[in-house]
Amino acid sequence: MSYGSGLFHLRIKVPDRNSAGVVTAYYLTSQGRSHDELDFEFLGNREGKPYRLQTNVFVDGQGNREQRILLWFDPTADFHNYRILWNQHQIVFYVDNIPIRVYKNKSDIGVGYPTKPMQIQASLWDGDSWATNGGKTKTDWSYAPFRASFQGFDVSGCQVPTSNISQNCSSDKYWWNTQKFWRLDSVRQRQYERVKHKYMTYDYCADRNRYPEIPLECL
């Protein structure tokens, strides 16, 4: 089933011990080459070293909008809640109800914004060419099999049976499209600013080596 907007929730516990190079992913994706995609990617690490959580936004097949944070808890020890809110105004990634990333709809100034119907997927895969220390720390296969656990899957979404989002997926008859969810409230905004200040380790918006000119959506 594909969705054109909604709130998507999954509880995840990621692989423990030595999980360097292993990526646990939970994401929304459309089909086809020029796809849209919204990613949670948990980047494994050596035992005792912290996981990084990477988010990414793809529009028309173009990603490279990575942000990474350190989590304020051990994601291998227990299940935690991971949510994606997607409406016509903003996309918000939440960890335990705390916003860790906001991607606003700035299509009015030429910034791409996901609009294609997307399906929900979860996976566990080998990313040792890049995931840990830029690919310098490789997967130790003597620790295999690597196991991630998923539970509490829940969706409040606008189902789209065809290849195009029907207009009603932006309708305010769906609670996640109502004005309350067009922007963060003051409490959530403070939480978000704290995460950016205290836990963010990489933001493509600030990477002048990759982007000598600041991407339009970052202004």
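This is a predicted model: local features need pLDDT of at least 70, side-chain atom pairs count only at pLDDT 80 or more; totals for chains, interfaces and linings use all residues.
Is Asn97 buried or partly exposed? Asn97 has a relative accessible area of 38% and is therefore partly exposed.

**Figure 1. The protein chain contains one helix and eleven strands.** Along the sequence, the elements come in the order β-β-β-β-β-β-β-β-β-β-α-β. The radius of gyration is 17 Å, close to the 17 Å from the globule rule for 219 residues, so the chain is as compact as a globular protein of that length. Its C-alpha atoms fill a box of roughly 50 × 40 × 40 Å along the principal axes. Of the 219 residues, 47% count as buried. Among contacts with a separation of 6 or more, 66% are between residues 24 or more positions apart. There are 27 positive and 23 negative side chains, with the centres of the two sets 3 Å apart.

**Figure 2. Asp36, Asp60 and Lys116 form a network of salt bridges.** In the pair of Lys116 and Asp36, the closest N and O atoms are 3.5 Å apart. Lys116 lies in the loop between S8 and S9, and Asp36 in the loop between strand S2 (22-29) and S3, so this pair ties together parts 80 residues apart in sequence. The salt bridge between Lys116 and Asp60 has an N to O distance of 2.3 Å. Asp60 belongs to the loop between strand S4 (52-58) and strand S5 (67-70), so its pairing with Lys116 ties together parts that are 56 residues apart in sequence. Asp36 is buried, at 0% relative accessibility. Lys116 is partly exposed at 24%, and Asp60 is partly exposed at 48%.

**Figure 3. Lys196 and Glu193 are joined by a salt bridge.** The N to O distance is 3.5 Å. Both residues are in helix H1, and because they are three residues apart, about one helical turn separates them. Lys196 is partly exposed, at 30% relative accessibility. Glu193 is also partly exposed, with a relative accessible area of 38%. The model has five salt bridges in total.

**Figure 4. Asp39 is buried and has no salt bridge.** Asp39 is part of strand S3 (residues 37-43). The nearest side chain of opposite charge belongs to Arg101, 8.3 Å away. Leaving aside residues up to four places away in sequence, Asp39 touches Tyr26, Tyr27, Gln54, Thr55, Asn56, Phe58 and Phe93.

Figure 5. Most residues other than glycine have a negative phi, and most peptide bonds are trans. Asp96 has a positive phi of about 50°, and phi of Asn97 is near 70°. Asp96 is in the loop between strand S7 (90-95) and strand S8 (98-104), and Asn97 is in the loop between S7 and S8 as well. Asp96 is partly exposed, with a relative accessible area of 24%.

**Figure 6. A cis peptide bond joins Ala144 and Pro145.** Omega of this bond is about 0°. Pro145 is in the loop between strand S9 (119-126) and S10.

**Figure 7. Asn177 is a buried loop residue, at 1% relative accessibility.** Its loop runs between strand S10 (149-160) and helix H1 (186-198). Not counting residues up to four places away in sequence, Asn177 touches Ser5, Asn87, Gln88, Cys169, Ser170, Ser171, Asp172 and Trp182. Leu7 is 170 residues from Asn177 along the chain, and their C-alpha atoms are separated by 9.9 Å.

Technical notes:
Residues are numbered from 1 along each chain as its sequence is written. Side-chain values use heavy atoms; hydrogens and water are left out. Helices (H or I, at least four residues) and strands (E, at least two) are DSSP runs, numbered from the N terminus. Buried means under 20% relative accessible area, exposed over 50%, partly exposed in between (1.4 Å probe, protein chains only). Lys and Arg count as positive and Asp and Glu as negative; His and the chain ends are not counted. A salt bridge is a side-chain nitrogen of Lys or Arg within 4 Å of a carboxyl oxygen of Asp or Glu. Contact means heavy atoms within 4.5 Å. The radius of gyration is taken over C-alpha atoms; the globule rule is 2.2 Å times the number of residues to the power 0.38. The place of a charge is taken as NZ of Lys, CZ of Arg, CG of Asp or CD of Glu.
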